[in-house]
Amino acid sequence: MNDQSLKTSPSANTGIMAAWVLMYLATDPVWKAKVGDEVQKFIARYAPGIETADSEDQIDNLAAQLSKVPGTVWEEEMELTDLCLRETIRMAQSSVFLRRNITPDEIKVGGSPLPSGEFVAYPSADGHHNPAVYEDPSR
């Protein structure tokens with residue numbers, strides 16, 4: 001497991017993120033075509049002959065064949081899909097990070113005092129949608 005998955009795994013819901021990925025791809029024909037091509041090539045390589053699954057049996061067969069592909073192969077060969085997932089988590093996932101002042105003294109956070117024992121909350125969207133961090137944060 002890499003650093004990115006450690007940061008997002010506890011809070012990202014797979015089904016919701018998958019829906020967001022599809023929504024974002026539906027709004028961008030260029031990326032939709034790129035990712036679609038990557039997926040088709042992956043299927044052709046690891047489930048040959050089932051490039052178009054029209055029936056429930058074919059879908060089950062495709063799922064069975066693809067479930068045998070090791071996770072490392074998915075990560076190595078599905079670079080654009082992985083990129084889309086990471087960007088979707090950045091765009092759609094909003095978490096709040098908490099930090100408690102465990103020092104005996106008051107500290108300054110962003111110029112404001114934080115007394116000993118108190119918490120400060122930071123919404124991740126502030127960083128995820130910040131144009132100083134991302135040139136075009138909504139893309």
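## Helix α3 against helix α6

In this predicted model, helices α3 and α6 pack at an angle of about 130 degrees, and their axes are 8 Å apart; the axes are lines fitted to C-alpha atoms over the stretch in contact, and angles run from 0 to 180 degrees between N-to-C directions. Angles under 35 degrees count as roughly parallel, over 145 as roughly antiparallel, 65 to 115 as roughly perpendicular and the rest as oblique, and α3 is therefore oblique to α6. Helices (H or I, at least four residues) and strands (E, at least two) are DSSP runs, numbered from the N terminus.

Where the two helices meet, α3 contributes Trp-31, Lys-34, Val-35, Glu-38 and Val-39, while α6 contributes Glu-79, Leu-80, Thr-81, Leu-83 and Cys-84, contact meaning heavy atoms within 4.5 Å. By class, these residues divide into six nonpolar, one polar and three charged; Ala, Val, Leu, Ile, Met, Phe, Trp, Tyr, Cys and Pro count as nonpolar, Asp, Glu, Lys and Arg as charged, and the others, Gly among them, as polar.

## Helix α2 against helix α6

Helix α6 (residues 79-92) also packs with helix α2 (residues 14-26), here at an angle of about 100 degrees and with the axes 9 Å apart, so that α2 and α6 are roughly perpendicular to each other. On the α2 side the contact is made by Met-17, Trp-20, Val-21, Tyr-24 and Leu-25, and on the α6 side by Cys-84, Leu-85, Thr-88, Ile-89, Met-91 and Ala-92. The contact of α2 with α6 has 10 nonpolar residues, one polar residue and no charged residues.

## The chain and its largest nonpolar core

The chain comes to seven helices and four strands, which follow the pattern α-α-α-α-α-α-β-β-β-β-α along the sequence. Of its 139 residues, 19% are buried, where buried means under 20% relative accessible area, exposed over 50%, and partly exposed in between (1.4 Å probe, protein chains only).

The largest nonpolar core has nine residues, namely Phe-42, Ile-43, Ala-47, Ile-50, Leu-62, Leu-66, Val-69, Val-73 and Met-78; such a core is a set of buried Ala, Val, Leu, Ile, Met, Phe, Trp, Tyr and Cys residues joined through side-chain atoms within 4.5 Å. Helices α3 (29-46) and α4 (56-66) each supply at least two residues of this core. Val-73 is in contact with Phe-42, Tyr-46 and Met-78, leaving aside its neighbours within four places in sequence.

Arg-90 lies in helix α6 and counts as buried because its relative accessibility is 5%. Its side chain is joined to that of Glu-87 by a polar contact of 2.9 Å, that is, a pair of N or O atoms within 3.5 Å in which, within protein, one must be able to donate a hydrogen and the other to accept it, with residues adjacent in sequence counting only if both atoms are side-chain atoms. Leaving aside neighbours within four places in sequence, Arg-90 is in contact with His-128, His-129, Tyr-134, Pro-137 and Arg-139.

Tyr-134 lies in the segment after α7 (125-128) and, at 29% relative accessibility, counts as partly exposed. Ser-138 also lies in the segment after α7, but Ser-138 is exposed, with a relative accessible area of 58%. The C-alpha atoms of Ser-138 and Met-91 are separated by 7.3 Å, although these residues are 47 apart along the chain.

Residues are numbered from 1 along each chain as its sequence is written, and side-chain values use heavy atoms, with hydrogens and water left out. Since the model is predicted, local features need pLDDT of at least 70 and side-chain atom pairs count only at pLDDT 80 or more, whereas totals for chains, interfaces and linings use all residues.
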